[in-house]
Amino acid sequence: MIKRNILCIDLKSFFAFVECIDRNLDPFTTPLVVANKTQGNGAITLAITPYLKNLGIKSRTRLYEIPKNIKYFIAKPRMARYIAKSKEVISIYLDFVNEDDLHVYSIDEAFLDLTNYLKMYNKNEDEIAQDILNKIKEKTGLCATCGIGPNLLIAKLAMDLEAKKNKNGIARWNYEDIKTKLWPISPLSEMWKIGNKMGKKLNNLGIYTIGDLANYDKNKLIKKYGIIGEELWNNANGFDESIICKQDNIFKDKSYSIGQILFKDYDESNISLIIEEMVDSITARLRKNNKECKKIGLGIGYSKNIGGGFYHQVQLDNSTDNKEIILKYCLLIFNKYYEFLPIRKISISLGKLIKKEYIQLNIFDTYQEIKLENQYNVCTDHIKDKYGKNCLLFASSLLSDSTIKDRNNKIGGHHA
């Protein structure tokens, strides 16, 4: 098992803190929510101050769900401002570690690998973590929490599940803590990377705690959920072989990408159709060039009057050109990071490309099944190349929200 000295640092109620700091307000005594009030009373709060959290209000709730007896005021989201503030914090991280030992996970969260710095500073991880949190507070006014662990996963779990409750904002976990601190966790959605939908699916298998998941038959999970099933089992047991210096930028690798600007606002109710159509197009490009990918990235841009968005990626254990696997991970990224705002831009990138030289089997797939799937894909690709991309479409492409027919026409998808 990998054993390094990892910090996972999260900026507390980040958007709400920035809005309070810019207004010279104390987030611990100010009832402020960050939300787009033009969306009405059903708007999602992107962040709330610790003051409101102490009153029992959750950060991702709709405005109408906040009790009417609680008075608060609303700050409009300002993504450009949050990005600028995030860069201030990143510069502080780089005062402590080299860029190769820093992985910026999101606008308000990062991982630092201190393995090669403990002797240099002559301090342990807890002391360095406290120094970093103090400097963030001093230089930016922001508050942060920190999890410490032997790998990225355990550091993240320590931060999510314990550090936020501790007075000094710091918690350290080791492999030995997995059984006592992680396994009792319930509901399952309390754990990183398990959403409510997946939690309910696992409940149907008789899995109600992380311990149940960790002790479930790994092969059965893989058979039912594929790569995601294996990842769930590994995470429940605290296994993670990721190294920060290998969390490189997808754009440094040779990659295929596809993107589009949407002609109207989309949201969680109809964006999955667009994602599926784009995945279908980009996986056809993989097959045409006899390539497979090991990295999948999804980017979402919100409408112009709101601004901002996100881009995140996942790295696979095995390379693939399988549309269903790539689509599953794109939707996983979307469901984790989407902020319930109107969407106008979307991009998908496939990186870590390698030549497809053989068919990789597992104990659940037969060679004949995979061969038939490949033949089907090659056949449909050939028909589209000969007669135009719009000659074969999914029935969902006839829906009004679909963009594939128009997009194919613009890029030569129709032949007379």
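The buried residues of helix H11 pack against a whole set of other helices: H6 (152-161), H7 (177-182), H8 (196-203), H9 (210-214), H10 (218-225) and H13. This picture comes from a predicted model. H11 itself covers residues 227-236, and eight of its ten residues are buried, so the rest of the structure largely encloses this helix. The buried set starts with Ile227, Ile228 and Gly229, and picks up again with Leu232, Trp233, Asn234, Asn235 and Ala236.

Asparagine 234 makes a handy example of a residue within H11. Its relative accessibility comes out at 18%, and because the cut-off for buried is under 20%, asparagine 234 counts as buried. Just past the end of H11, the backbone does something worth a look: glycine 238 adopts a positive phi of about 75 degrees.

Out on the surface, the story turns to charge. Lys197, Lys201, Lys224 and Lys328 come together there as a patch of positive charge. One of these, lysine 328, belongs to helix H13, which runs over residues 323-337. Lysine 328 has a relative accessible area of 39%, so this residue is classed as partly exposed.

Key:
Residues numbered from 1 in each chain as written. Predicted model: local features only at pLDDT ≥ 70, side-chain atom pairs only at ≥ 80, totals over all residues. Heavy atoms only, no water. Patch = residues over 30% accessible without salt bridge, like charges linked within 9 Å, V, L, I, M, F, W, Y side chains within 5 Å. Areas by Shrake-Rupley, 256 points an atom, 1.4 Å probe, with all protein chains shown as cover. Salt bridge = Lys/Arg side-chain N within 4 Å of Asp/Glu carboxyl O. Lys, Arg positive; Asp, Glu negative; His and termini not counted. Charge placed at Lys NZ, Arg CZ, Asp CG, Glu CD. Helix = DSSP H or I, 4+ residues; strand = E, 2+ residues; numbered from the N terminus. Buried < 20%, exposed > 50% of the residue type's maximum accessible area, 1.4 Å probe, protein only. Contact = heavy atoms within 4.5 Å.
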